[in-house]
Amino acid sequence: MVTAAITAGLTLPASAAGPEDASVARGGHGATQAALDSVVREGPPGGIALAERGRTTWAGRAGTADPATGRKPRADGRFRIGSITKTFVATVMLQLEAEGKLSLDDTVDDWLPGLVAGNGNDGSKVELVRLLNHTSGIYSYTDDETFKRKEFSTDFLRHRYDTWTPRRIVRLAMSHRPDFAPGDGWSYSDTNYVIASMVIQKATGHTYAHEIEHRVLRPLGLDSTSVPGTSARLPGPSGRAYSKLTGELAGPGEPDSAIYDVTELNPSFAGAAGEMISNNRDLNRFYRALFSGRLLKKPQLEKMMTTVSIENVPNFSYGLGLMKMTLPCGTEVWGHNGGIQGSISETMATADGDHVLSLNFNGDWNVHEQRVVDAEFCGS
């Protein structure tokens, strides 16, 4: 699930940043800390960020992890990463291609005949690559008004433990006409990645969660990262997560409107589009490994970083589970953002993985997370 319309700290060796000290911000990285503070002043209760460049690490924090107790955020705190999940899914798909288990030129019908059908949808015309770069034209189920009411309005409080299966999600998407014919445009669709997870299971005989754990999490030692399935619990250490439940994910929210604790939820409604849990250190490690070539062979990494331009959105393009942005200072960064109820996150890195930033805010209204990215990579 995409978080937003696409529209100061002492630098320390990585080993010196203590797990509970997320506020080593008193010297360098002043612009990044100031941006983190400003986002919290205008919206969410708290935020954390972790930047790494070469062998140095900086961690920052602002606000609270739990307004009820005043507890401060922890640098190693876990959170729901939303659509950052998509980079993990695309990585597995590209690994399977390198192993000859599938081709991104295969169609959805080659693997899941009849799944994408009805109302003008035709899985025989949707190649797998179009799922990963959002050129399939398949409607995003998260745009469905009934879905949004159940999950993003106060109705969520009655439905937070409901279970959604991938087939139920795709059926909902198929009740809508496609946005355009495959390849004729670009439109961000969470349905694409739910379908991709079903292809992974058909090609391997295992769930996409199993494949991510086996191929990415264990080899990289990402011990704070998990694919929770239907588990509603957010494992510790973690803060609480809050939403104004406006009916739109990441909506602005009225200043004095009610705030709800949404920490516990069954994330199956997000599935492979955004259900994973992680922390900033694990996300930095993942993207550094990805861009350094530890996870993908060169042809697959080049394919992943081949992007599609988006009409009327300058300085932004989309690869396979990856966003590319050119920042105001001209620096080019790669990564993904992610949003789910009560949690807005982003990871961005230079193409060589040498400089990487991950961040999270524990509220989903009026969050301007890109401000922190701009400050870290541009210094203002």
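Accessible areas here come from the Shrake-Rupley method with a 1.4 Å probe. With that settled, I looked up the surface of this predicted model: the protein exposes about 14,500 Å², and 48% of that belongs to carbon and sulfur atoms.

**Overall build.** I found 12 helices and 15 strands in the protein. I then checked the radius of gyration: it is 19 Å, close to the 21 Å that the globule rule gives for 380 residues, so the protein is as compact as a globular protein of that length. The C-alpha atoms fill a box of roughly 55 × 45 × 40 Å along the principal axes. Buried residues account for 59% of the 380.

**Charges.** I have 38 positive and 44 negative side chains in my notes, with the centres of the two sets 4 Å apart.

**Aromatic rings.** My look at ring pairs gave 10 of them. In one, tyrosine 141 and phenylalanine 147 have ring centres 5.2 Å apart and planes at 80°, so I noted the pair as edge-to-face. Both residues are buried. Tyrosine 188 and tyrosine 318 also pair edge-to-face, at 6.2 Å centre to centre and 85° between the planes. Tyrosine 188 lies in the loop between helix 7 and helix 8, and tyrosine 318 in strand 11, so this pair ties together parts that are 130 residues apart in sequence. Tyrosine 188 is buried at 10% relative accessible area, and tyrosine 318 is buried at 0%.

Ring pairs link Tyr141, Phe147, Phe152, Trp164 and Phe269 into a cluster. Over the face of tryptophan 164 I found arginine 168, at 3.6 Å from the ring centre.

**One more charge over a ring.** The charged end of lysine 86 sits over the ring of tyrosine 193, 5.7 Å from its centre.

Key
Residues numbered from 1 in each chain as written. Predicted model: local features only at pLDDT ≥ 70, side-chain atom pairs only at ≥ 80, totals over all residues. Heavy atoms only, no water. Helix = DSSP H or I, 4+ residues; strand = E, 2+ residues; numbered from the N terminus. Rg over C-alpha atoms; globule rule 2.2 N^0.38 Å. Buried < 20%, exposed > 50% of the residue type's maximum accessible area, 1.4 Å probe, protein only. Lys, Arg positive; Asp, Glu negative; His and termini not counted. Charge placed at Lys NZ, Arg CZ, Asp CG, Glu CD. Phe/Tyr/Trp six-rings, centres within 6.5 Å; stacked < 30°, edge-to-face > 60°. Lys NZ or Arg CZ within 6 Å of the ring centre and 35° of its normal.
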